[in-house]
Amino acid sequence: MTVKNIVVLISGRGTNLEAVLKAAADERWDEHPGARVAAVISNRADAAGLEVARAAGVPWHVVAHTEYGSRASFDEALARTVDRYAPAVVVLAGFMRVLTAGFVRRYEGRLVNIHPSLLPLFPGLFTHRQALAAGVRIHGATVHFVSTEVDSGAIIAQAAVPVQPGDDEERLAARVLAEEHRLLPRAVKLVLEGRVRFDKERVVLDGVGHDELSLLAA
Ligand code: GRF
């Protein structure tokens with residue numbers, strides 16, 4: 001059996017990377033769906049998540065956006081590094097660069113992102129601040145296929161997190177993050193299994209229960 005490679009792109013802490021690595025180990029993804037995290041790539045040399053990769057013995061690379069004169073040339077360098085692993089899935093786990101349409105198309109149907117809000121609400125940055133300012137009662141996180149428009153691709157799975165009285169950005173972010181750590185590995189596994197596919201800008205499900213795609217925080 002050929003093993004399916006997962007490449008994870010990060011820019012920072014790497015707690016979502018850690019969650020994927022933990023699920024892959026605990027759930028024996030090497031046996032089913034026959035997959036492994038093959039490499040981690042960061043656009044920042046100081047990303048703490050690189051230490052997570054190192055500790056797990058996963059090959060890692062830095063492709064520093066600051067060394068490239070344009071988005072296109074950075075994305076080309078990034079794609080060259082990604083392609084060394086011929087990945088089945090590329091995961092954006094706190095990767096803080098906007099990708100060019102060329103990059104997105106190259107990995108269409110294989111490129112997933114985790115965003116800390118219930119999309120289509122609150123795209124972009126400072127999502128917890130946006131949620132608190134809007135006064136929503138339910139916030140959360142979304143895993144979606146990446147499309148050429150930022151934070152707007154077809155939705156794979158979502159986790160809902162109630163906003164509590166007295167929440168500030170930090171408290172809310174921490175509760176959402178805990179759900180991200182449940183949501184992302186689950187969504188990645190479903191894509192690896194081929195039970196969630198991307199077809200003509202839409203998500204197609206194959207024997208996936210709806211409860212597998214919508215998590216509710218306790
Ligand atoms: C997460 O909140 C993720 O949703 C967002 O960036 C953050 C990354 O956190 N895209 P970490 O690096 O995985 O800890």
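A residue counts as buried when its relative accessible area is under 20%. In this predicted model, Asn16 has a relative accessible area of 7%, so Asn16 is buried. Leaving out residues up to four places away in sequence, Asn16 touches Ala93 and Ile114, together with Leu177, Glu180, His181 and Leu184.

Helix α1, residues 15-26, and helix α6, residues 169-193, have axes that come within 9 Å and cross at roughly 45 degrees. The arrangement of α1 is therefore oblique to α6, and the crossing is right-handed. On the α1 side, the contact is made by Thr15, Asn16, Ala19, Val20 and Ala23, while α6 supplies Leu177, Glu180, His181, Leu184 and Pro185. Sorted by class, this contact of α1 with α6 holds six nonpolar, three polar and one charged residues.

With a relative accessible area of 26%, His181 is partly exposed. When neighbours within four places in sequence are set aside, His181 is in contact with Thr15, Asn16 and Ala19. Its C-alpha atom is separated by 25 Å from that of Leu78, a residue 103 places away along the chain.

Helix α6 also packs with helix α5, residues 127-134, at an angle of about 115 degrees and with the axes 9 Å apart. Because angles of 65 to 115 degrees count as roughly perpendicular, α5 is placed roughly perpendicular to α6. This crossing, too, is described as right-handed. Here His128, Arg129 and Leu132 of α5 meet Glu169, Leu172, Ala173 and Val176 of α6. The contact of α5 with α6 comprises four nonpolar, one polar and two charged residues.

Attention now turns to the nonpolar interior. In soluble globular proteins, nonpolar side chains tend to be buried together. The largest nonpolar core in this model has 46 residues, of which Ile6, Val8, Val91, Val112 and Ile156 touch the most other members. Helix α6 gives the most to this core, contributing nine residues. Apart from it lies another core, made of 21 residues that include Leu9, Val90, Leu92 and Leu99. Val8 illustrates how such contacts reach across the sequence: beyond residues up to four places away, Val8 touches Leu17, Val37, Ala39, Val40, Ile41, Val91 and Ala93.

The backbone holds a few details that are worth a look. Most residues other than glycine have a negative phi, and most peptide bonds are trans. A cis peptide bond joins His32 to Pro33, with omega about 5 degrees, and Pro33 is placed in the loop between α1 and β2. Leu119 and Pro120 are likewise joined by a cis peptide bond, with omega about 10 degrees. Pro120 belongs to the loop between β5 and α5, and Phe122 lies in the loop between β5 and α5 as well. Phe122 is not a glycine, yet its phi is positive, near 55 degrees; at 11% relative accessibility, Phe122 counts as buried. Lys200, in the loop between β8 and β9, has a positive phi of about 50 degrees although it is not a glycine. With a relative accessible area of 70%, Lys200 is exposed.

Note on methods. Residues numbered from 1 in each chain as written. Predicted model: local features only at pLDDT ≥ 70, side-chain atom pairs only at ≥ 80, totals over all residues. Heavy atoms only, no water. Axes fitted to C-alpha atoms, helices over the stretch in contact; angles between N-to-C directions. Helix = DSSP H or I, 4+ residues; strand = E, 2+ residues; numbered from the N terminus. Parallel < 35°, antiparallel > 145°, perpendicular 65-115°, else oblique. Left-handed = near helix turned anticlockwise from the far one by under 90°. Contact = heavy atoms within 4.5 Å. Nonpolar A, V, L, I, M, F, W, Y, C, P; charged D, E, K, R; others polar. Core = buried A, V, L, I, M, F, W, Y, C linked by side-chain atoms within 4.5 Å. Buried < 20%, exposed > 50% of the residue type's maximum accessible area, 1.4 Å probe, protein only.
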